[in-house]
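Here is a short report for a reader new to this structure. Look over the sequence and the fold, then read on.

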Amino acid sequence: MNYYNIGKIVNTQGLKGEVRVISITDFPEKRFVKGNTVYAKLPKSEKMIALQIDGVRKHKSFILLHFKGYPSINDVEFLKPSTLFVDETSLSEDDLKPGEYYYHQIIGLDVFDDNGQKIGQVKEILSPGANDVWVVQRPAKSDLLLPKIDSVIKKVDLDQKRIDVSIPEGLDNDED
């Protein structure tokens, strides 16, 4: 079974077994829901621990989670730091509107400019605000930050593992 990274437990919160999570998922409102099961992978371990969410709330830039069967800080202390995952059965194409993609579908795709020249590969996706930013790793150049807007991202072809983009003037600081 495939697992997809949705966040990281970075600390505990209070004495009642809550943990602080930094979310890196495309749909936090669907992933962090009471009743959902997430999997924690501890550092230096291949073992996944299934955890059922029985409490969710936001606090500053964190999502606070509470897990069924872990009532105190002592019960969750071992989880920090750990990475949180969902399994592939938690993903649904119904979550996506036309032109939307899961992060794991985009990361690793080759990026081509208006001239059909390969400029690099998407290495990560940032979510700073109004729209996502796709980080393109380029050989012998600095990373290129492309906003996920229609005027820049022209076509995404998952079957061909290809993204066609139009880079606006001034966006690429490493232009020749």
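Where does lysine 60 lie? Lysine 60 sits in the loop between S4 and strand S5 (62-67).

## Ground rules

This is a predicted model, in which local features need pLDDT of at least 70, side-chain atom pairs count only at pLDDT 80 or more, and totals for chains, interfaces and linings use all residues. Residues are numbered from 1 along each chain as its sequence is written, and side-chain values use heavy atoms, with hydrogens and water left out.

Helices (H or I, at least four residues) and strands (E, at least two) are DSSP runs, numbered from the N terminus.

## The annotated domain

UniProt lists residues 6-89 as "domain: RimM N-terminal", in an unreviewed entry. Its positions follow the numbering used here, feature names are shortened, and annotations may be inferred rather than shown by experiment. Over residues 6-89, the chain is 51% strand and 10% helix. The end C-alpha atoms of this stretch are 14 Å apart.

## The barrel

A closed barrel of 6 strands runs S1-S2-S5-S4-S3-S6. The pairing is antiparallel; two strands pair if DSSP finds at least two bridges between them. From one strand to the next, the twist averages 50°. Axes here are lines fitted to C-alpha atoms, for helices over the stretch in contact, and angles run from 0 to 180 degrees between N-to-C directions.

Strand S3 (residues 37-41) and strand S4 (residues 48-59) run antiparallel and are joined by 5 bridges. Valine 38 has leucine 51 in S4 as its bridge partner.

Lysine 60 has a positive phi of about 55°, although it is not a glycine. Its relative accessible area is 75%, so lysine 60 is exposed. Exposed means over 50% relative accessible area, buried under 20%, and partly exposed in between (1.4 Å probe, protein chains only).

Alanine 140 is not a glycine either, and has a positive phi of about 60°. Alanine 140 is placed in the loop between strand S9 (133-137) and strand S10 (144-147). With a relative accessible area of 86%, alanine 140 is exposed.

## A cis bond

Which residues does a cis peptide bond join? They are lysine 80 and proline 81, with omega about -10°. Proline 81 lies in the loop between helix H2 (73-76) and strand S6 (82-87).

## Isoleucine 24

Isoleucine 24 is in the loop between strand S2 (18-23) and helix H1 (28-31). Isoleucine 24 counts as partly exposed because its relative accessibility is 41%.
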